[in-house]
Amino acid sequence: MGVLTLFTALAISGVAAWYSIAGLVAIFASAKVAIIIMGGVLEVGKLVTASWLYRNWYSIPLLLKTYLTTAVVVLMLITSMGIFGFLSKAHLDQTIQMGGTNELQISRLERLIVNEQRTIDDAETVLQQLDMAVQTLIDYDRIRGETGSIATRENQKEERTVLNQAINDAVDTIDQYQEELLPLQKEQINLEAEVGPLKYIAELIYGDNAKDLLDEAVRWVILLIVFVFDP
């Protein structure tokens, strides 16, 4: 049992050291070799100091005990910062690899589609008004003559052509926007599938606002992972 405990402790410490050094390298990317050396030395120093404190806790002076304990705590914070940086970078890399959230692009295209649809609705409303004007003349049996329904319909021809052309142009534009929107929506679905577990965790924490607070939930998960390493 003692060997298993030792192996488990060393495994956790080794993984924590690896994550910490990799995270520190990600934070200070311009000095990779120096950071790797520094991180490795600090990790070893932390473990040795913590072990030495445990073995000599009751026999060392209070001042030395306080200093070394503070040093270990500070080293734990540095390790935690490195682990946090490593896991945060992994999450960001995943998001970038999946093409980002695409929310701004999707929102922009949806807004443009709404504007084009408004153009269609306005044109159709005017066409309905023109039809009502003609129908009113027919209802009053005013078919022929300069002010009859036939002449009125003929006078509306140019305006109707412009309105129908506006509708057709808007429909074509909407089709183009839909073609641009479809792959973005597919990428968004793929991203949501990738972060599905985190999405459920976010919903557990934040409820209906989980979609807007997904990154916040990711940070909490990372903090929980960080918390279990050094202690």
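## A salt-bridge network

The side chains of D131 and R160 meet in a salt bridge, with 2.7 Å from N to O; the term stands for a side-chain nitrogen of Lys or Arg within 4 Å of a carboxyl oxygen of Asp or Glu. This pair links distant parts of the chain, since D131 belongs to helix 4 and R160 to helix 6, 29 residues apart. Helices here are DSSP runs of H or I with at least four residues, strands are runs of E with at least two, and both are numbered from the N terminus. D131 also pairs with R153, where the closest N and O atoms are 3.2 Å apart.

How buried or exposed is each member? R160 is buried, with a relative accessible area of 10%, while D131 is partly exposed at 34% and R153 is partly exposed at 42%. Buried means under 20% relative accessible area, exposed means over 50%, and partly exposed lies in between (1.4 Å probe, protein chains only).

## About the model

This is a predicted model, in which local features need pLDDT of at least 70 and side-chain atom pairs count only at pLDDT 80 or more, while totals for chains, interfaces and linings use all residues. Residues are numbered from 1 along each chain as its sequence is written, and side-chain values use heavy atoms, leaving out hydrogens and water.

## The chain as a whole

The chain has eight helices and zero strands. Of its 231 residues, 29% count as buried. Among contacts (heavy atoms within 4.5 Å) between residues at least 6 apart in sequence, 65% join residues at least 24 apart.

The chain exposes about 15,900 Å², and carbon and sulfur atoms supply 63% of that area. Accessible areas come from the Shrake-Rupley method with a 1.4 Å probe, and for residues only the protein chains shown count as cover.

## Two nonpolar cores

A nonpolar core is a set of buried Ala, Val, Leu, Ile, Met, Phe, Trp, Tyr and Cys residues joined through side-chain atoms within 4.5 Å. The largest one has 14 residues, and L109, I113, I120, L127, L163, I167 and L181 have the most contacts inside it. Helix 4 (103-139) and helix 6 (157-194) each supply at least two residues of this core. Apart from it lies another core, of seven residues, among them A16, I83, V218 and I222.

## Around E43

Leaving aside neighbours within four places in sequence, E43 is in contact with A16, A17, S20 and T79.

## A patch on the surface

I27, F28 and M81 form a nonpolar patch on the surface, with about 270 Å² of accessible area together. Patches are made of residues with over 30% relative accessible area and no salt bridge; like charges are joined within 9 Å, and nonpolar side chains (Val, Leu, Ile, Met, Phe, Trp, Tyr) within 5 Å. I27 sits in helix 1 (residues 2-27) and is partly exposed at 40% relative accessibility.
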